[in-house]
Amino acid sequence: MLLQNAIADTLNNTEWAFALAECVHIGGFAVAIGSVALVDFRMLNLGLRGETAARILRYTELWTLIALLFVVFSGVALFLSQADIYRVNLIFPLKMYALAAAFIYNFTVHRKVATMENPPPVLSKLVATVSLLLWVSVVFGGIFTGFLV
Amino acid sequence: MPTAHSIQSIGFLTAFSESVLAYPIVLSIHLACIALFGGMILATDLRLLGLTFNSLTITEMVTSLRPWKRVGGTIMIAMGLLLAASEAEKYAPNPFFWTKMIILGLIGVHALIFRPIVYSKTEELDQSPVIPTKAKVAAILSLGLWTTMFVMGRLIAYWD
């Protein structure tokens, strides 16, 4: 509670703090989603065909994880700064469900199929498409949280 | 600002900015493009710097992502212009918006300078034992320009 108030105070009363938290939040998800999308584009055979999806995943997974940490920490700070508004927001819980789904999917199904030796092409494409849709739905959820209150 | 007023009074732009759904949908598409295609720009720049994706050739990195960057960039700019035009009176006096537009122009200049010597010469870069300085300069400038572009975009909302 004390921590919540301290974070809320800083973000609401310092001119640049909220803007900075938002920049980190949006920049973080751009890197997180962008790095996952590189694997997805490879799985969809749309680019980077000179390397396997498994190898692209190895290159990008640390970026995805670090970026997601930034997104979550800045997101929690943004939430706490206006917790009362988010608690009654109709879209916000949907965004959280979409985020949870995208997160779990990314580190289970997506990872499993991306690292398979010879996955059926249809399976790869399906898994990559679902991945892109899940992550983009989180972006839509974030924007709509701000617009439909 | 009579010009700004007449821009945002264009029928479909007024309808757009007043719509409950259209504005956030277009903004979401704008941001999704930043994530998807910004990631590709970032990956290409890091490859040019030799920091990652080193088992892929620079040629593959640049050419296989190029069509998607073009598609993504076009959608991103079109959506951005739609957002700005629909609230032209709010954007016209906003210094962050104009800084963003100047950066967009500089990104065009960057392309004009570096396309002939870096992005169209990727095979030459791949044959070089070390990545030539011009490629690294292009990558660092690209990272700087796009990051500034991104931050200015966010700051537009904070000016009043």
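Biologist: How do the axes of H2(A) and H3(A) cross, and within what distance do they come?

Modeller: A caution comes before the answer: this is a predicted model. Now the pair. The axes of H2(A) and H3(A) cross at roughly 155°. They come within 7 Å. Angles over 145 degrees count as roughly antiparallel, so H2(A) is roughly antiparallel to H3(A). The crossing of these two helices is left-handed. What kinds of residues make the contact of H2(A) with H3(A)? Nonpolar ones number 20. Another 8 are polar, and 2 are charged.

Next, the link between the two helices. H2 of chain A covers 17-43, and H3 of chain A covers 53-81. Leu48(A) lies in the loop between them. Look at its backbone. Most residues other than glycine have a negative phi. Leu48(A) has a positive phi, near 55°. Is Leu48(A) buried or exposed? A residue is buried if 20 or more other C-beta atoms lie within 10 Å of its own. Leu48(A) has 23 other C-beta atoms within 10 Å, so it is buried.

Now turn to chain B. Phe53(B) sits in the loop between H3 and H4 of that chain. Phi of Phe53(B) is positive, near 55°, and this residue is not glycine. Phe53(B) has 23 C-beta neighbours inside 10 Å and therefore counts as buried.

From the N terminus on, the elements run α-α-α-α-α-α. The C-alpha trace spans about 55 × 25 × 25 Å along its principal axes. Chain A has 149 residues, and 40% of them count as buried. Consider its contacts with a separation of 6 or more: 76% of them join residues 24 or more positions apart.

Last comes the meeting of the two chains. In all, 27 residues of chain B are in contact with 28 residues of chain A. On the chain B side, helix H3 (22-48), helix H4 (58-86) and helix H8 (133-155) each supply at least two residues. H3(B) gives the most, with 13 residues. The side of chain B that touches chain A holds 18 nonpolar residues, 7 polar ones and 2 charged ones.

Technical notes
Residues are numbered from 1 along each chain as its sequence is written. Chains are lettered from A and ligands numbered from 1 in the order in which they are written. This is a predicted model: local features need pLDDT of at least 70, side-chain atom pairs count only at pLDDT 80 or more; totals for chains, interfaces and linings use all residues. Two residues are in contact if their C-beta atoms, placed from the backbone, lie within 7 Å. Helices (H or I, at least four residues) and strands (E, at least two) are DSSP runs, numbered from the N terminus. Ala, Val, Leu, Ile, Met, Phe, Trp, Tyr, Cys and Pro count as nonpolar, Asp, Glu, Lys and Arg as charged, and the others, Gly among them, as polar. A residue is buried if 20 or more other C-beta atoms lie within 10 Å of its own, exposed if 12 or fewer, and partly exposed in between; C-beta atoms are placed from the backbone. Axes are lines fitted to C-alpha atoms, for helices over the stretch in contact, and angles run from 0 to 180 degrees between N-to-C directions. Angles under 35 degrees count as roughly parallel, over 145 as roughly antiparallel, 65 to 115 as roughly perpendicular and the rest as oblique. A crossing is left-handed if the near helix is turned anticlockwise from the far one by less than a right angle, and right-handed if clockwise.
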